[in-house]
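Keep the 3D view open and follow along as the residues come up.

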Amino acid sequence: MIHFKEGYYADVRIEDKFTTNIVIKNGALEEQKVISLKKAFIRVFDGTMWYYASTSDTDHIQEELDTLYGYATENPAIGEHPIVKRYEVNRDEKIVFADDCVKDIPVSDKQASIAALCAACKSEHLQLVMGRYLDRYSRFWFYSSKGSEITYDYQTTGLSIGLGFACGEEQFSDALQRAGVRYSDVRVTKEELADFISECETYITTAKPVVPGSYPVILAPMATGVFAHESFGHKSEADFMLGDETMAKEWQIGKKVGSDILTIYETGTIQGCGYTPYDDEGTKAGMTYLIKEGRLAGRLHSATTAAYLDEGLTGNARAVNCDFEPIVRMTNTIVKGGSSTVEELIAGIEHGYYIKDVKHGSGMSTFTIAPNLAYEIENGKIGKPVKIAVLTGNVFETLGLIDGVANDETVLCFVTGGCGKMEQSPLPVGLGGPHIRVSKMNVS
Amino acid sequence: MREEIIVIKTQQKCFNITAGKIDSLRINSNLETSVRVYDNGCIGVAGKVGNCDVEALKKEAREALAQGIAYPDLPNEGKQQSVDTYRQLIPEEELLPTLNKLLARLSAENPDFLFSNKIILEETEKTYSSTDGSAYSYRGNTMEFSIVIKYKGSANIMDEDYSAEIDAYDEDKVAADVKLICENYLKTIPSVEEDKLPVLVDMSVLQYLLSDFHADYYALGMSRYKGKIGEKIFSDKLSILCDRSPARQYNIPFFDGEGVVNEDYSFYLVKNGVMKGIVGSKKTAKNYGMPVSGTGGAEDYASVPVPSFAGVTVLPTAKSLEELVGGRKTIFVSVTSGGDVTPDGTVSFPVMSAYLIENGSIVGRLPEFTVTGNLADLFGDDFIGAFQGGVFSTSTTPYLVFEAKLVNKA
């Protein structure tokens, strides 16, 4: 039982996290780590300053809270503060994975599943096989001085088969990954693996360099998701507008920001790695359209940014773990599917590139996507593999250059990597969309 | 059976800046204990966050031996050493007013800009002990500025940043460095006509190279420099090392994660252009027949040791940019937007913010472009040298200068 003092806003977030991490490198077990860690993050606000502390001593949260009260100044009107007024009061228990929990799967089963796949990886230029099994089950508790009492759980499980190839002086790495929220849903067949290895072999032995320049590009769902996340998702995080009155005026809802066929939405309700039924300020997840038919439709908020811009909460205040305070972050960011088929998108390109998967991306005024498997498109057909270091472009120009959206919207889940923002990384996020066509991107 | 105990205690005070003012203070105190045991060619690891019963952890680590994770038992020399580099940068009670005063000054001197993100003070105490007699302890601290600079009204998330790890706090120097960037951000100039120029970049450019120096990649033939230890692979002017010297590093223990202390606390990957070594753990050293490099680390308190690039840096070859390029036009790359390298070693990184330097002074801000080149050239014939600090008076990290192609110019 936590005792909150009058004259301050305060909340306590507790996470009891179970993780498994098994690594098999070239057939040998390198790591088999099962960790249970319970931590708490405590916040006190006096209307002027926030004071935060984290602790693993969850039996003495009250003492930590009382210490923070000592730093803050009592404010009898704290309840009327615009940020505090915005906080939702939710009382809920949303436990959805307890009956199908990865904690209950024997670690030997988990190890066997990844070992069998690693053993099946063989090919001429394959030098390194790094198999990983990763899972996480977290139970969260959130209590606030306004009366919130929330409990919910979160789960991800997945496999990643990282492959390293060498051919002459050239090297190539890629990974086949499957992830989901239930152990039984995550499967890679040996046939899928063999096909992937074969594609990588063809790539390392035949991929040709590109001539840097601007070309039409087709992005597969993973590349579309990374593009949406990097190019517009981060721009939708409203904390970058704090204190900038000009920006708030310029960045009005309804402003034209992309092609008419582009719609991007954001929601924490999808059960995947971005699942966030309640954010770390206790706000319930909803659905936020960031772009609707090319026009700015919404943005992502914490209570601080919502109060500053006088907008509603969106459930996007997230912290990477209980060492950090919540800041505005994405959950699941998805480009809405359109009406074209993938074949129709490709058929319209005389000379361009098809980006099948990506290593990473980043985005500010310029976005960058670093592709892995990429192919040329010649006369409306996918052709030979090509070596592309990066795709780049100005965010707003490129959003306006999307001229095709396919009907194969896909939401992806991951157990490796994640989103980085300043000091908090990697935060699990979901992303995806359909195949999209961009009439022009810088390729180098 | 050999045992190792590693204890890491960290304390962090993090001041968050929003719209030029400090709006929060976060205090993180963390204690992590790891126990590793070695027996019959295997390792067992156990770890805990917070106060713990070390004997219970030892038992847990011994039980973990049954997992059968192969790891060689390579004891250390059994030496003892203690280093304390802690120094108070700003008195505790003056922290908040001092930083608020600095931020007020930055906002007043640069009224067209907003400042946000963090100023972090961190203190680390780390001890390593082993039943082979080794016992090391380290205490250090650092103050890190990570200030995001945004031009008011800009649609960008950020336009510039000022990042520096400092060894002494000097408000005038920090303010001068921030003003240098803000003033020149406003001076926009056209693209340069040249397609290749000297480019001044921070050490993040090494990221495109480092996996080639990872023991696994090297030994398994996935390094561009496989089999080339002892051979010249880069310019004479380039030396890359993992540096754990307490005199040169602020918050990095002088011993690695496996209790290895190198001569002069340094391990060279490249010395004067010659490949000298690869970054490995004791396990990779044994497996691949390489010397122990003192570059072991661990993902966290419960992990098996793995190769670590902690403290990786470049040796300066000059004291100033002028010494390297004379009065030649040079481009200072300030903010990049990602970047990557192709299988054949072609690097490309889009540049969001860059400045033209002529005769040693910044002339103005350039439109966006992409820097590209092959690793063999950028660090080979096109490598000009390295010097400390770049354009900043407060920065203590080295900056690199090489000639590179400029493409996709706006």
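A salt bridge here is a side-chain nitrogen of Lys or Arg within 4 Å of a carboxyl oxygen of Asp or Glu. With that in hand, look at Arg248(B) and Asp243(B), whose side chains meet in a salt bridge at 2.7 Å, N to O. Asp243(B) is buried, with a relative accessible area of 4%, whereas Arg248(B) is partly exposed at 41%. Buried means under 20% relative accessible area, exposed means over 50%, and partly exposed is in between (1.4 Å probe, protein chains only).

Before going further, a word on how to read all this. This is a predicted model, in which local features need pLDDT of at least 70 and side-chain atom pairs count only at pLDDT 80 or more, while totals for chains, interfaces and linings use all residues. Residues are numbered from 1 along each chain as its sequence is written, chains are lettered from A and ligands numbered from 1 in the order in which they are written, and side-chain values use heavy atoms, with hydrogens and water left out.

Over all chains, the structure holds 52 salt bridges. One of them joins Arg136(A) to Glu15(A), with the closest N and O atoms 2.8 Å apart. Arg136(A) lies in strand β5 (residues 126-144) of chain A and Glu15(A) in strand β1 of chain A, so this pair ties together parts that are 121 residues apart in sequence. Helices (H or I, at least four residues) and strands (E, at least two) are DSSP runs, numbered from the N terminus. Both Arg136(A) and Glu15(A) are buried.

Asp73(B) sits in the loop between α1 (54-64) and β4 (80-84) of chain B, and Arg2(B) in strand β1 (residues 2-18) of chain B, 71 residues apart. Arg2(B) is buried, at 5% relative accessible area, and Asp73(B) is partly exposed, at 35%.

Back in chain A, find Asp11(A) in strand β1 (residues 9-25). Asp11(A) is buried, with a relative accessible area of 2%. Its side chain makes a polar contact of 2.8 Å with the side chain of Tyr9(A), and another of 2.8 Å with the side chain of Arg43(A). A polar contact is a pair of N or O atoms within 3.5 Å; within protein, one must be able to donate a hydrogen and the other to accept it, and residues adjacent in sequence count only if both atoms are side-chain atoms. Leaving aside neighbours within four places in sequence, the residues in contact with Asp11(A) (heavy atoms within 4.5 Å) include Phe4(A), Phe41(A) and Phe142(A).

Now turn to a sheet. Strands of a sheet pair through backbone hydrogen bonds, either parallel or antiparallel. In chain A, six strands form an open sheet with mixed pairing, in the order β12-β11-β10-β15-β26-β23. Its edge strands are β12 (295-296) and β23 (410-412), each pairing on one side only. Two strands count as paired if DSSP finds at least two bridges between them. Within the sheet, three bridges join β10 (residues 264-267) to β15 (residues 332-335), and the two run antiparallel. Tyr265(A) has Ile334(A) as its bridge partner in β15(A).

How do the two chains meet? In all, 65 residues of chain B are in contact with 67 residues of chain A. Together the chains bury about 5300 Å², 54% of it on carbon and sulfur atoms. Buried area is the accessible area (1.4 Å probe) that two parts lose on being put together, summed over both. Ile157(B), Met222(B) and Pro343(B) supply 13% of the area that chain B buries against chain A, more than any other three residues.

Strand β2 (residues 21-39) of chain B gives the most to the side of chain B that touches chain A, with eight residues. Five bridges join β3(A) to β2(B), and these strands run parallel. Here the bridge partner of Tyr51(A) in β2(B) is Leu25(B).
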